[in-house]
Amino acid sequence: MVSQEEEAVNLKPVDKISYNIFFKKFNDKYGDTLIKEQKQLISVYLTSDSDSRTSLRLFLESEVGRLKEAISNAI
C-alpha cells in the first residue's frame, strides 16, 4: 500500500486551464442534478487545505447538525 505522504508527493499541481475545463465539464454534466448542499460540499472539499482540511471538517460538522435537525423535523 502507498502511504499518504508518498501519494501526496506523486500528485502534480493542476494549472488554471485544466481546473476550469474540469469545472465546466462537471457543471455541464451535474449542474442541474445536484442540490445546493451537494455543490457546496464539493466546493469546500476541492478548495480545502490538503494537509489539515479544517474548513472541510467545519463544514461537515455544520452539515451533520443541519441534517439531524431536518430529520427530527421530518419525524
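Predicted model: local features only at pLDDT ≥ 70, side-chain atom pairs only at ≥ 80, totals over all residues.
A residue counts as buried under 20% relative accessible area, as exposed over 50%, and as partly exposed in between. With 23%, Phe 23 is therefore partly exposed.

**Layout and confidence**

- The chain holds four helices and zero strands, and its elements run α-α-α-α from the N terminus on.
- The average pLDDT of the chain is 81, and 80% of the residues score at least 70.
- Confidence is highest in helix 4 (residues 54–74), with a mean of 92, and lowest in helix 1 (residues 4–10), with a mean of 58.

**Surface and burial**

- Of the chain's 75 residues, 9% count as buried.
- A nonpolar patch on the surface is formed by Tyr 19, Phe 22, Tyr 45 and Leu 46, which together have about 380 Å² of accessible area.
- Two helices each supply at least two residues of this nonpolar patch: helix 2 (16–30) and helix 3 (36–47).

**Aromatic pairs**

- The count of aromatic pairs comes to three.
- One of them joins Phe 22 and Phe 23: their ring centres are 5.4 Å apart and their planes stand at 75 degrees, so this pair is edge-to-face.
- Phe 22, which sits in helix 2, is partly exposed, because its relative accessibility of 43% falls between the two limits.
- Another pair is that of Phe 26 and Tyr 30, with ring centres 5.0 Å apart and planes at 45 degrees, so it is tilted.
- Phe 26 and Tyr 30 are four residues apart in helix 2, which means that about one helical turn separates them.
- Tyr 30 has a relative accessibility of 32% and so counts as partly exposed.

- Glu 63 lies in helix 4, and its relative accessible area of 14% is under the 20% limit, so Glu 63 is buried.
- The side chain of Glu 63 makes a polar contact of 2.8 Å with the side chain of Arg 66.

Technical notes: Residues numbered from 1 in each chain as written. Heavy atoms only, no water. pLDDT = per-residue confidence, 0-100. Patch = residues over 30% accessible without salt bridge, like charges linked within 9 Å, V, L, I, M, F, W, Y side chains within 5 Å. Areas by Shrake-Rupley, 256 points an atom, 1.4 Å probe, with all protein chains shown as cover. Salt bridge = Lys/Arg side-chain N within 4 Å of Asp/Glu carboxyl O. Buried < 20%, exposed > 50% of the residue type's maximum accessible area, 1.4 Å probe, protein only. Polar contact = N/O pair within 3.5 Å; in protein donor to acceptor, adjacent residues only side chain to side chain. Phe/Tyr/Trp six-rings, centres within 6.5 Å; stacked < 30°, edge-to-face > 60°.
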